[in-house]
Amino acid sequence: MLTHFKPTNVAALIVIAIVSIALHANGQSFEVRLVHPNNDMIVSSKASDMDLRGYEKFIWKGKKENEELWVSKKAEIDTYDLKRAQISFGPRNDPQVIILLTDRGGKKLAEFTGANVRRRTATLLDGQILKTSVISMQVTGGKIGIVGDFKIAEIKSIADRINELIAKAGDADR
């Protein structure tokens, strides 16, 4: 895959990879990941015979009481797939963050959601679960919405933080 890169592009790619590793190691990232398909069974039975090597345990403080989630370590969408975040308001005037994706990010999102309909995802910001959702259909159009029981100040803070991360990532796609 590197055969079509010029040496200067390879050096830039290496720098991007090093920055990406440093940002993720410090929990400074935006990621969409899959929740284990058998999460409820794992949690309820404390199944110790299940292979969970590709997953990590989170305690999410969602709408219910604290919920244990086994989330894939693989980010399907990450900061490098994002173009910008903006605040919007839904049909009931509820505040939300709309994240516009790069062309590459939009393609990844369409492929990912098309292949994982009815699967649960976790959206992470700085290493913490921000929200979970179930993919109901393939998502095309290159946008991700963060909607939920958020106050306007929280939505502004989330959008600002995502835009800070995008600026730090400095992807060449933009």
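Me: How is the model to be read?
Reply: Residues are numbered from 1 along each chain as its sequence is written, and side-chain values use heavy atoms, with hydrogens and water left out. As the model is predicted, local features need pLDDT of at least 70 and side-chain atom pairs count only at pLDDT 80 or more, while totals for chains, interfaces and linings use all residues.

Me: Why is Thr121 called buried?
Reply: Buried means under 20% relative accessible area, exposed over 50%, and partly exposed in between, with a 1.4 Å probe and protein chains only. Thr121 has a relative accessible area of 4%, and is therefore buried. Thr121 is found in strand S7, residues 120-125; helices (H or I, at least four residues) and strands (E, at least two) are DSSP runs, numbered from the N terminus.

Me: Which residues does Thr121 touch?
Reply: Contact means heavy atoms within 4.5 Å. Not counting residues up to four places away in sequence, Thr121 touches Val32, Arg33, Leu34, Val35, Phe112, Lys131, Thr132, Ser133 and Ile135.

Me: What is the order of the strands in the open sheet of 4 strands?
Reply: The order is S4-S1-S7-S8, with antiparallel pairing. Strand S4 (77-78) and S8 are the edge strands, as each pairs on one side only. Helix H4 lies across S1, S7 and S8, at about 75 degrees to S7. For such angles, axes are lines fitted to C-alpha atoms, for helices over the stretch in contact, and angles run from 0 to 180 degrees between N-to-C directions.

Me: What makes S3 mostly covered?
Reply: In strand S3 (residues 67-72), 6 of its 6 residues are buried. Glu67, Leu69 and Val71 point one way, and Glu68, Trp70 and Ser72 the other way. In a regular strand the side chains alternate between the two faces of the sheet. S3 also pairs with S2 in the antiparallel sense over 6 bridges, and Ile59 stands opposite Glu68.

Me: Which strands form the open sheet of 3 strands?
Reply: The order is S5-S6-S9, and the pairing is antiparallel. S5 (82-89) and S9 (143-146) are the edge strands, and the twist averages 25 degrees from one strand to the next. S5 is joined to S6 (residues 95-101) by 7 bridges. Helix H3 (residues 103-115) packs on this sheet, touching S6 and S9.

Me: What makes a space a pocket?
Reply: On a 1 Å grid over the protein atoms alone, a pocket is an open set of points with protein on both sides within 12 Å along at least five of seven lines, whereas a cavity is a set where a 1.4 Å probe fits but cannot get out; lining residues have an atom within 4 Å of a point. Grid points are joined across faces, edges and corners, and a volume is the space filled by probe spheres set on the points. The largest pocket holds about 560 Å³. It is lined by 22 residues, and Trp60, Lys61, Gly62, Leu130 and Phe150 are the closest to its centre. S8 gives the largest share of the lining, 5 residues.

Methods:
Pairing = 2+ DSSP bridges.
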